[in-house]
Amino acid sequence: MNTHSNSENSLRRMEEMVSKLRALEFRLTPQRMAVLEVLAAGEGHPSVKEVHEIVKRKFPTTSIATIYKTVNLLKKINEILEISIPGGSKRYEGGKPFPHPHVICTRCKKVIDLDLGPLEDITTRIADDTGFEIRSHRLDFFGVCGDCKCREKLTPKQRRQRHDK
């Protein structure tokens, strides 16, 4: 994994988000900037609660309402991607705010980006076959991740021993 490239991407995404918010004349409070920083990093696919926990480390008085407002704003202006997880939870991605495939664990809710190459060909084919004007798409695969599969095979005693380590 190229950390230098990841930090460059994170910085670029942060600049893009800030630029769009400025152009739309939204305030850039320190708390809002902290939310942008977490989401622009593109590390994992945090929930609002997880973003809140990270932002609180720097700004302890930040309310979860502030996080929700910022996330909803970023979603509205297409600067983050919302990923719905079975069971009602939502995760957010700011590193790649465009539709792209994911694999999602139905047990632990882990979300991993998939690189299947461009989906334009299949999108064009679907549009041609159906007559639809495709405006967006979503391709997610659901299953059980390797960690959860391993845990399923352990006896209760082995699970406790693993947990205690």
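Analyst: A residue is called buried under 20% relative accessible area, exposed over 50%, and partly exposed in between, with a 1.4 Å probe and protein chains only. This is a predicted model, in which local features need pLDDT of at least 70, side-chain atom pairs count only at pLDDT 80 or more, and totals for chains, interfaces and linings use all residues. Residues are numbered from 1 along each chain as its sequence is written, and side-chain values use heavy atoms, without hydrogens and water.

User: Is Val 103 buried, exposed or partly exposed?
Analyst: Val 103 lies in strand 3, residues 102-105, where strands are DSSP runs of E with at least two residues and helices are runs of H or I with at least four, numbered from the N terminus. Because its relative accessibility is 31%, Val 103 counts as partly exposed.

User: How far apart are the end C-alpha atoms of helix 4?
Analyst: Helix 4 covers residues 64-76, and its 13 residues should span 18 Å at 1.5 Å a residue, the expected span being 1.5 Å times one less than the number of residues. The end C-alpha atoms agree with this, as they are 18 Å apart.

User: Which exposed residues does helix 4 carry on the face turned away from its buried side?
Analyst: Ile 67, Thr 70, Val 71, Leu 73 and Leu 74 are buried in helix 4. Seen down the axis, these buried residues fall within an arc of 160 degrees, taken from the directions from the helix axis to the C-beta atoms, so they line one face of the helix. The face turned away from that buried side carries the exposed residues Lys 69 and Lys 76.

User: Which residue just after helix 2 takes a positive phi?
Analyst: Helix 2 spans residues 30-40, and its buried residues include Arg 32, Val 35 and Leu 39. Just after helix 2, a positive phi of about 65 degrees is taken by Gly 42.
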